[in-house]
Amino acid sequence: MKAESSAFKSKNGITIDLNVTPGAKSDGFTGTMGERLKIRVRGKAAEGKANDGLCQLLAQTFAVPKSAVTIIRGETSRQKTVFIMGEAEKLKATLNRIRMLNECS
């Protein structure tokens, strides 16, 4: 099964499965882990700082307000599922570009 299958599109946005590494030296996308997109964030896991950093990174990357990014599963886990509200086709296109860039690096 391809990694793309970890994203689900609805008419209001997309849902993405992630594997998040907190406490990194920099924020960014690092590839895939199984069907999950791998992301590193500078924020520490304590006091929700990693989750805040994750939502900020996703908001900037997908060009949506931070309030449009919601962690729907895995608040206290490295494995998370997020929902990004917005135009699903544009969000999916951005996700596909991220996947392509991480496959090439």
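Helices, of at least four residues, and strands, of at least two, are DSSP runs numbered from the N terminus. On that basis the elements of this chain run β-β-β-β-α-β-β-α from the N terminus on, which gives two helices and six strands. The model is a predicted one. Of the 105 residues in the chain, 44% are buried.

**Overall packing**

- Among contacts between residues at least 6 apart in sequence, 49% join residues that are at least 24 apart.

**Nonpolar core**

- The largest nonpolar core consists of 25 residues, and Leu18, Leu54, Leu58, Phe62 and Ile84 have the most contacts inside it.
- Two or more residues of this core come from each of strand E2 (13–21), strand E4 (36–40), helix H1 (49–62), strand E5 (69–73), strand E6 (79–85) and helix H2 (88–104).
- H1 provides seven residues, the largest share of the core.
- Leu58 touches Leu18, Phe29, Ile39, Val69, Val82 and Ile84, leaving aside its neighbours within four places in sequence.

**Helix H1 and its ends**

- H1 has 14 residues and reaches 20 Å from its first C-alpha to its last, close to the 20 Å expected at 1.5 Å a residue.
- The buried residues of H1 are Ala50, Asn51, Gly53, Leu54, Cys55, Leu57, Leu58, Ala59 and Phe62.
- Glu47 is placed in the loop between E4 and H1; its phi is near 60°, a positive value in a residue other than glycine.
- With a relative accessibility of 73%, Glu47 counts as exposed, because the cut-off for exposed is over 50%.
- Ala63 follows H1 and belongs to the loop between H1 and E5.
- The phi of Ala63 is near 55°, again positive in a residue other than glycine, and Ala63 is exposed at a relative accessible area of 69%.

**Strand pairing around E6**

- E6 is largely enclosed by the rest of the structure, because five of its seven residues are buried.
- E2 pairs with E6 in the antiparallel sense, over seven bridges; within this part of the structure, Gly13 has Met85 in E6 as its bridge partner.
- E5 and E6 also run antiparallel and are joined by four bridges.
- Opposite Val69 stands Ile84 in E6; both Val69 and Ile84 are in contact with Leu58.
- The hairpin of E5 and E6 has five residues between the strands, and Gly74 in this hairpin takes a positive phi near 95°.

- Glu75 lies in the loop between E5 and E6, whereas Asn51 is found in helix H1.
- These two residues, Glu75 and Asn51, are 24 residues apart in sequence, with a C-alpha to C-alpha distance of 7.3 Å.
- Leaving aside neighbours within four places in sequence, Glu75 is in contact with Asn51 and Lys80, and Asn51 is in contact with Ile71, Glu75 and Lys80.
- Asn51 is buried, with a relative accessible area of 11%, while Glu75 counts as partly exposed at 48% relative accessibility.
- The value for Asn51 is 11%, so Asn51 falls under the 20% cut-off for buried residues.

**Salt bridges**

- Side chains of opposite charge can pair when their charged atoms come close.
- A search of the whole structure finds two salt bridges.
- One of them joins the side chains of Asp27 and Arg42, at 3.1 Å from N to O.
- Asp27 sits in the loop between E2 and strand E3 (28–33) and Arg42 in the loop between E4 and H1, so this pair ties together parts that are 15 residues apart in sequence.
- Asp27 is partly exposed, its relative accessible area being 28%.
- Lys90 forms a salt bridge with Glu87, and the closest N and O atoms of that pair are 3.9 Å apart.
- Lys90 counts as exposed at 55% relative accessibility.

Definitions and conventions. Residues numbered from 1 in each chain as written. Predicted model: local features only at pLDDT ≥ 70, side-chain atom pairs only at ≥ 80, totals over all residues. Heavy atoms only, no water. Core = buried A, V, L, I, M, F, W, Y, C linked by side-chain atoms within 4.5 Å. Buried < 20%, exposed > 50% of the residue type's maximum accessible area, 1.4 Å probe, protein only. Contact = heavy atoms within 4.5 Å. Salt bridge = Lys/Arg side-chain N within 4 Å of Asp/Glu carboxyl O. Pairing = 2+ DSSP bridges. Expected span 1.5 Å × (residues − 1).
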